Every structure is written in structure tokens, then in C-alpha cells.
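Please look over the sequence and the structure before reading on.

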Amino acid sequence: MLSLDVLGPGGPYRSRRLETIRDLTGNPVATLSLAPSLYVVRAMRALRRAPELPLDTRIEAVTEAGRAFATQTIGGLSPQAYQHAVSTVTGMPITVVRNATEEIERAAEQIRHSVDNARPSGAAGSWRDPGTRGGRAVWTRRGEVFAVHAAGNHPAVHQGWLDAVALGYRVAVRPSRREPFTPHRLITALRAAGFGDDRIVLLPTDHTVADDVLRHADLAMVYGGDEVIRKYAGDRRLLPQGPGRSKILLTAGTDWEPVLDTIVASISSGGGTGCVNATGVLVEGDPTPVAAALAERLAALPSLPATDERAVLPVQPIDLARRWQEHLRQRAAGTRAWLGADGVVDDLGDGSAVLRPALHQLDSPFAEQLGIELSFPCAWVAPWDRAAGIRPLRGTLVLTAVTADAELIDELVAEPTIANVYIGDHPTPWMAPGLPHDGYLAEFLMRTKTVLR
């Protein structure tokens, strides 16, 4: 049994309230300490009192921590043991967890590049810049303490808040109780690299205490579904990170068959659990041939335990998998099922089940199902035409547009609710350090002010 303690300003803390984390078959794997409200308040106040480290020191420490996270034994766990724990608890394929480990290391290695890219080209990083003698914009923080309500759907989400650490924020992470292993390991590595116990904390809590973490921060980022987004929509201190509803658009006059592998990868890579996985495929013309070809490819993906090196699909406890299946059945009513009509649960015989891909065809680009995002590969294929315009494409994190229509591309890039546009044969999960995901996090954390001296 692993013990995942609270990582507070005074070091690791084991609370009286312990939560047992179990694997997919119900066996206990770890105990997670839950921080009480008073402890959270004191920890947040300690962050505010902590002195800021110099920029170069922060950059070097983040890079060192990322390397240790990916390659060294931390808290008694080798990288391989950590990856195995995440896979057995979350049902994420082991290769996905391994790739996420490398992504976090790469993000840490290129952290200076990432924060420099986000800064306006006309702004200096410090008031000490010689340009301020004649007056110059300076890039400054909007606060001192940043909080994160983290997601548990993919380990790589934790590279997202490294920018805040590099920018000098003192950071509090409330981990997902589904997957606390990644932030616990990463924060332990950051502390060992030089940040110390009072500049970054891990505060696992139950739902009754969760808002205390946000309340005592200057700014915060919150992951969750539509309900969470609605809850915090009016608070300008909070940056919500909700469903991606990523999509692929295939316009007339383009050959979709050469990009079929890209569409399949967009739907299913990483287990199909991410906000960047495609959930909508819109086709100008008859979508039926596209749906048929996708169904054939997706149906061929194997059902395997999450720790199998060949696994590509997510695994869940069988009762939870059946609830997802029933939810899908209700939401897909009235659509044409290419995959999933007979269910998506593939029982592995040990109390867990693979969630297999689902693919449904819609009659309209305005069908409500096009906005449904589930935690396994599930996509909706719909017709699209020029009369529909870009309205069905709004509210999209990543849009891959397979088109040569420059005027349409102009519209897509200009649309404020489409966060990223990939033109041509590029999978929606493609990302690279230094490029914005849903905008740069620094756009939220920082501001420019004029300094004249």
C-alpha cells in the first residue's frame, strides 16, 4: 500500500481522514490523506508569505524536476512503478501513461521557451531592463498565489500549471482523487529541485473543502464538466477548463481517404479520454462513406487490460462501464449507430471492462449529440454544408479542417470560440511546448504595465 500524504508548507502531512484508492478490480493500491479546512487555510497563507525565487533559479528547478519525474525514483516509486500504478487505477493504457511522462519531462525542459513565447514581444521581463529608462511595458504577475483544481483524465494535464511555477506564482494543487499519483510525484520532484515546501503544495480534499483552496488564492484554474463550468463562470479570478468538443471538418473537393488514419487517431489516441480527442466529424456531402470507413477501423482496435503493452482503449470497473454504456444509449436515441448499438462494454472477467469505441451518424450538424463528450472513444458523424456555416463548429478546442478553401479558413481562425485550427492532415491531439492550448495560461496570469525610470 502506497501512502500519498498531503504535501503542506511544513512537509508531508498524514491526516486522520484517509481515502483508499483501489485498482480497477477493487484491490487497494494506496491511501490518500485528505486535508481538513483549517489546514488548507493555513497552507494557503503560508504560500502567500513565501519569498519569490529568482527567474533563472525557477527555470533550472522546473527543468531538473521534470527530468527527475521521468527518470528517477521518487517517494519510493521508480518511473515504471508510478506508471503501472496510474494505469491499474485509472484504466488508462500503460503506453499512454508512459507517453504522458515524457510529455511532462519535455514541457519542463522547454519551460523557458514556453513562458517567453507567451510574453508580448514589446514587453520586458523585469523593470530592471534598460528599456524602462525611456519607458517600456513590463510583464508582471496579476497575483501571488495560484490554485489548480486538477483533472484526473490524463497525467499530461499537469504540465499545464508548470508555467505558473516558472512565472513565480506560489502554487496549490488540489488533485483528482481518481489520480493523485502524478501531481504528488511532480510536486515532490519540484520541492527536491529547489522550490521547497512553502512555495508549492498538494492539498487533496473532499468536495466540502475544495472551495477553500480557491477562496484563498489570487487566481485559479478549474477542470471539470459543464456543471463545473457553469458554477464558476461568473468568477473572473477563475479560469475554467471544460470539455473540448474537438472536431474534424471535411469539405467537398478534398480526398478524405488519405486522412482516415488521422481521423481514427484523433478519436482514439490516448484512450480517447482527452479534451483534444475528436468527438465530432462533419462532412460536406454524404457522411455515410466516412462513417462506414471509420467504423471498420475503430472496430478493429483490440480489447486488452490497461497494463498490456498493446492496449489502446480505456478500462473501467465493470459497473461504471455499464453506467457509461446506459448513458450513451440514452443520449444516442434516434441516431444511426455504426458502433455501440450492441453496447460498448467488453468484460475482461476480473471485475473490469474495456470501453470500446462508439460511432453514431446524425442527420443534422445542429443535432444536440454533436456536443456530447464521453470518457472513451465516442464520435458523432454529421453532414455539413455552406448554409450551416461555422455555427456547428463553435465551442471547439481543436478543429482540424481538411480543406483548401482560404475564405473558410479565414472564418475559422477568426471565430473566437474555436481555440485552435489545424489545416490539413493533422490529428486533433497534436500539441507542442511553447504553443497555446486553450490560449496561453500566462494570458490569464500576467499583465503588462508601463515602467518609466
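A cavity here is a set of points on a 1 Å grid over the protein atoms alone where a 1.4 Å probe fits but cannot get out. The model examined below is a predicted one.

Q: How many cavities of 30 Å³ or more are counted by this rule?
A: Rolling a probe the size of a water molecule over the atoms shows where empty space is left. With a threshold of 30 Å³ or more, the count of cavities comes to three.

Q: What is the volume of the largest cavity, and how does its lining divide by class?
A: The largest cavity is lined by Glu-52, Leu-53, Arg-58, Val-165, Gly-168, Tyr-169, Arg-170, Phe-195 and Arg-199. By class, this lining has four nonpolar, one polar and four charged residues, and the volume of the largest cavity is about 50 Å³.

Q: Which residues line the second largest cavity?
A: The second largest cavity holds about 40 Å³ of space, and its lining divides into five nonpolar residues, four polar ones and one charged. The residues of that lining are Ile-267, Gly-272, Gly-274, Asn-277, Ala-278, Thr-279, Glu-373, Leu-374, Phe-376 and Cys-378.

Q: Which element gives the most residues to the lining of the second largest pocket?
A: The second largest pocket contains about 440 Å³ of space, and of the 20 residues that line this pocket, Glu-52, Leu-55, Arg-58, Gly-125 and Trp-139 lie nearest its centre. Helix 2, helix 5 (111-118) and strand 7 (136-141) are the elements that give two or more residues to the lining, which by class has ten nonpolar, three polar and seven charged residues. The most is given, with four residues, by strand 7.

Q: Are helix 2 and helix 4 roughly parallel or roughly antiparallel to each other?
A: Two packed helices are described by the angle between their axes and the distance between the axes. The axes of helix 2 (residues 55-71) and helix 4 (residues 94-109) come within 7 Å and cross at roughly 165 degrees, and the crossing is left-handed. Since angles over 145 degrees count as roughly antiparallel, helix 2 and helix 4 are therefore roughly antiparallel.

Q: Which residues of helix 4 meet helix 2?
A: From helix 2, the contact takes in Val-62, Thr-63, Gly-66, Arg-67, Phe-69, Ala-70 and Thr-71. By class, the contact of helix 2 with helix 4 has five nonpolar, four polar and three charged residues. On the side of helix 4, the residues are Thr-101, Ile-104, Glu-105, Ala-108 and Glu-109.

Q: Is the crossing of helix 2 and helix 7 left-handed or right-handed?
A: The axes of helix 2 and helix 7 (residues 181-195) come within 8 Å and cross at roughly 135 degrees, and the two helices are therefore oblique to each other. Their contact is made by Arg-58, Ala-61, Val-62, Glu-64, Ala-65, Ala-68 and Phe-69 of helix 2 and by Thr-182, Arg-185, Leu-186, Ala-189, Leu-190, Ala-193 and Phe-195 of helix 7. The residues of this contact divide into ten nonpolar, one polar and three charged. The crossing of helix 2 and helix 7 is right-handed.

Q: Which residues of helix 5 meet helix 2?
A: Helix 2 and helix 5 pack at an angle of about 130 degrees, with their axes 9 Å apart, and that makes helix 2 oblique to helix 5. By class, the contact of helix 2 with helix 5 has five nonpolar, one polar and two charged residues. Leu-55, Asp-56, Ile-59, Val-62 and Thr-63 in helix 2 here meet, in helix 5, Ile-111, Arg-112 and Val-115.

Q: What is phi of Arg-245 near?
A: Arg-245 is found in the loop between strand 12 (238-241) and strand 13 (246-250). Phi of Arg-245 has a positive value in a residue other than glycine, near 50 degrees.

Note on methods
Residues are numbered from 1 along each chain as its sequence is written. This is a predicted model: local features need pLDDT of at least 70, side-chain atom pairs count only at pLDDT 80 or more; totals for chains, interfaces and linings use all residues. Side-chain values use heavy atoms; hydrogens and water are left out. On a 1 Å grid over the protein atoms alone, a cavity is a set of points where a 1.4 Å probe fits but cannot get out, and a pocket is an open set with protein on both sides within 12 Å along at least five of seven lines; lining residues have an atom within 4 Å of a point. Grid points are joined across faces, edges and corners, and a volume is the space filled by probe spheres set on the points. Ala, Val, Leu, Ile, Met, Phe, Trp, Tyr, Cys and Pro count as nonpolar, Asp, Glu, Lys and Arg as charged, and the others, Gly among them, as polar. Axes are lines fitted to C-alpha atoms, for helices over the stretch in contact, and angles run from 0 to 180 degrees between N-to-C directions. Angles under 35 degrees count as roughly parallel, over 145 as roughly antiparallel, 65 to 115 as roughly perpendicular and the rest as oblique. A crossing is left-handed if the near helix is turned anticlockwise from the far one by less than a right angle, and right-handed if clockwise. Contact means heavy atoms within 4.5 Å.
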